[in-house]
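Let's take a friendly walk through a protein model with two chains, starting at the place where they meet. Keep the sequence and the 3D view open as you read.

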Amino acid sequence: MARLSLATRIGVLFAVVTAVVFSIAGVHLYRSMSQQLESHDDEMLLSTVNHLRRRVAEIAEVEAVRMDPYRLLDAVAERGMLLAIRDSSDRPLLASAPEAVLPSVGTSVPADRDPDSSAIQNWRGADGRRGRVIAAWARIARPSADLVQLVVVRDGAESHVMLLKHRGHVLLALVLGVLAAAPLGYAIARHGLRPVRMVARAAGGITAEQLGERLRIEDAPAELVEMVQAFNRMLDRLEDSFRRLTQFSSDLAHDLRTPIGNLMIATQVALAQRRSIPEYETLLASNIEEYERLTRMIENMLFLARADNAQVALRAGTFSVEPELKRITEYFEGVADENGITLDVAASGTLVADPILFRRAVSNLVANAIRHSPSGARILVRGHEQHSDNFLVSVANPGSGIPPEQLPKIFDRFYRVDDSRRDSQFSSGLGLAIVKSIMTLHGGTVGVKSEPGGLTTFSLVFPSG
Amino acid sequence: MRILVVEDEPKTGDYLKKGLTESGFVVDLARTGPDGRHLALSEDYDLIVLDVMLPGFDGWRVIKDLREAKDVPVLFLTARDAVEDRVKGLELGADDYLTKPFAFVELLARVRTLLRRGPPREEDFIRVADLEIDVLKRRVTRSGKRIDLTATEFSLLHLLAARQGEVLPRSRIASQVWDMNFDSDTNVVDVAIRRLRAKVDDPFPSKLVHTVRGMGYVVEDRG
């Protein structure tokens with residue numbers, strides 16, 4: 001059952017519902033029909049009794065009933081009824097059927113009262129026939145004015161046949177209805193589910209080469225709009241990730257090619273002739289620099305890859321921010337000093353974070369700031385609690401600034417604001433990407449503001465607690 | 001000092017043997033897990049350099065079997081840059097680890113540290129040629145002349161002088177002096193050395209702080 005298609009299930013449910021509805025309606029119809037027939041029979045009985053009473057009233061003496069039976073019998077025969085008449089001492093005077101099939105009715109309607117339906121009882125003949133019966137006293141003409149008892153039976157056979165026929169019709173309608181409802185329900189369901197199949201087909205047609213394609217929301221019925229939107233959003237995210245990955249791979253290939261190219265050229269040129277030992281030494285040492293650059297790049301990329309997969313375990317600890325920032329600026333003091341740059345630290349409060357990753361993130365920002373500051377600049381390193389629910393660490397440096405259109409891209413891997421600085425052997429183009437990864441690991445954010453010719457400020461926002 | 005190197009990668013193994021031999025060690029090389037375990041158990045070594053990924057069975061098993069019999073220090077090499085690997089190695093009783101790719105100087109520095117056995121004895125007074133360092137008073141003199149150093153410069157000089165003759169790679173200097181345990185994209189160490197030289201070497205005819213290109217820095221009296 002579990003693997004039945006939706007359309008099949010709906011078809012079956014349709015059939016079940018139809019059967020239930022038809023059954024209820026059929027039972028109701030059958031009942032009201034049989035009630036109607038019964039009340040029709042009863043009315044006929046009552047009118048027959050009245051008619052017979054009038055005829056009896058025309059008769060002069062009791063014996064005349066027996067003498068001229070057809071006068072009364074015809075009246076009931078043409079109405080499809082049975083009749084028995086007895087005199088006041090319960091002797092039979094007349095019967096339209098063998099006496100046995102006619103009942104002796106105990107309570108009879110008195111002659112001076114009009115019969116009503118309450119006097120009618122069910123009747124069951126000796127041969128199993130069913131029907132309705134009424135008994136009533138009638139008075140013959142004056143002067144004798146003797147009483148005779150009328151027993152009138154309405155045989156139910158006719159009604160019974162009609163009811164059976166009716167039941168057959170209802171059952172036939174039920175079967176036909178169910179037979180029609182199942183395939184109709186199936187067809188309707190299939191038709192109704194067509195948009196789902198279209199969505200599935202469209203989704204099935206999307207491959208890595210056409211991640212730009214989207215499902216058309218206009219084509220989707222209202223119930224599916226949400227699903228189509230969610231699906232499209234998923235495609236957006238996939239496309240973005242895929243684009244980044246592709247970009248990353250090609251950047252990676254390019255960035256690896258550069259040092260490897262350097263190594264090959266330098267080594268081949270050196271081998272083309274005999275060189276002096278110092279020349280060989282110089283070559284090997286220069287190769288080492290390229291190897292170190294490659295190693296650094298690989299280490300950084302591994303870090304990013306692991307951070308992406310949340311495989312970097314945070315070893316969070318609580319530490320005081322000011323000494324930590326002082327330690328970092330101390331590390332860079334020499335380099336800053338050589339470039340005529342001063343590092344200015346002001347911080348307060350404590351922070352819960354992974355201290356090694358914190359150091360790495362801030363170091364990357366400070367190294368970046370030193371690289372992009374002119375001589376004589378003052379780099380401001382700040383850290384303090386903000387709005388009591390997060391902690392802000394910022395690194396600001398004066399300089400030419402970052403053009404606004406480049407701001408969103410600077411955290412991308414291998415992105416460099418100034419392409420001519422590519423040759424810088426210490427900048428891997430991964431520093432800010434690593435900062436961003438570290439902040440993501442901490443559930444925090446990194447932001448940047450830059451005024452052309454003014455301050456460029458990077459802010460790390462750590463969530464508290 | 002005898003060292004056993006267990007490494008299956010042919011070039012790496014050969015160069016490790018060559019490099020360590022040239023640094024004054026007697027080196028045996030095994031290229032599989034079973035060979036490595038056999039040598040480690042049957043011979044007496046002062047140190048074992050053990051690769052984790054080995055044919056036969058891996059380095060973890062070698063350490064485990066070795067630890068049941070001997071207490072020789074083990075430095076393991078792992079290509080996998082996974083924290084679990086390092087934790088596992090150290091739990092099994094290894095003494096230190098290096099992640100591939102590593103610099104040979106770094107390996108040499110770790111090997112020397114492990115061979116010193118136990119915490120190195122801090123000298124209170126260090127002399128390199130005419131350079132004298134009073135560690136307790138944090139006072140440095142050269143040819144009797146007092147040299148004023150910042151706290152960082154003093155730490156740097158102390159680190160190099162305490163291990164005079166030993167080349168220290170930049171990464172180790174950054175880690176020991178500033179506690180920076182990651183490769184930063186900067187030449188901070190070079191600059192710090194330059195500034196140290198300006199005070200310790202530049203005013204004097206003989207130089208004590210030397211650059212070993214492609215390797216790192218060393219303090220020694222080269223006469």
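Two parts are said to be in contact when they have heavy atoms within 4.5 Å of each other. Helices (H or I, at least four residues) and strands (E, at least two) are DSSP runs, numbered from the N terminus. This is a predicted model, in which local features need pLDDT of at least 70 and side-chain atom pairs count only at pLDDT 80 or more, while totals for chains, interfaces and linings use all residues. Residues are numbered from 1 along each chain as its sequence is written, chains are lettered from A and ligands numbered from 1 in the order in which they are written, and side-chain values use heavy atoms, with hydrogens and water left out.

**Helix α7 of chain B**

**Where the chains meet**

The size of an interface is often given as the accessible area lost when the parts come together. Here, chain B and chain A bury about 2600 Å² between them, with 56% of it on carbon and sulfur atoms; this buried area is the accessible area (1.4 Å probe) that two parts lose on being put together, summed over both. On the residue level, 22 residues of chain B are in contact with 30 residues of chain A.

The interface also has five salt bridges, each one a side-chain nitrogen of Lys or Arg within 4 Å of a carboxyl oxygen of Asp or Glu. On the side of chain B that touches chain A, α7 (170-178) and α8 (188-200) of chain B each supply at least two residues. Which helix gives the most to this side? The answer is α8(B), with five residues. By type, the residues of this side divide into eight nonpolar, five polar and nine charged. In this scheme Ala, Val, Leu, Ile, Met, Phe, Trp, Tyr, Cys and Pro count as nonpolar, Asp, Glu, Lys and Arg as charged, and the others, Gly among them, as polar.

**Salt bridges across the model**

Over all chains, the structure holds 37 salt bridges.

| Residue | Partner | Closest N and O atoms |
|---|---|---|
| A:Glu290 | A:Arg293 | 3.9 Å |
| B:Arg127 | B:Glu132 | 2.5 Å |
| B:Arg222 | B:Glu220 | 3.0 Å |

A:Glu290 and A:Arg293 sit three residues apart in helix α7 (residues 277-308) of chain A, about one turn of the helix, and both are buried. B:Glu132 counts as partly exposed because its relative accessible area is 23%. In the pair of B:Arg222 and B:Glu220, B:Arg222 is partly exposed at 49% relative accessibility, and B:Glu220 is partly exposed at 23%. Salt bridges that share partners also join A:Glu324, A:Arg327, A:Arg359 and B:Asp179 into one network.

**A loop in chain A**

A:Pro403 lies in the loop between β10 (390-398) and α10 (431-441) of chain A. With 30% relative accessibility, A:Pro403 is partly exposed. A:Pro403 and A:Pro452 are 49 residues apart along the chain, and their C-alpha atoms are separated by 7.0 Å.

Key: Buried means under 20% relative accessible area, exposed over 50%, partly exposed in between (1.4 Å probe, protein chains only).
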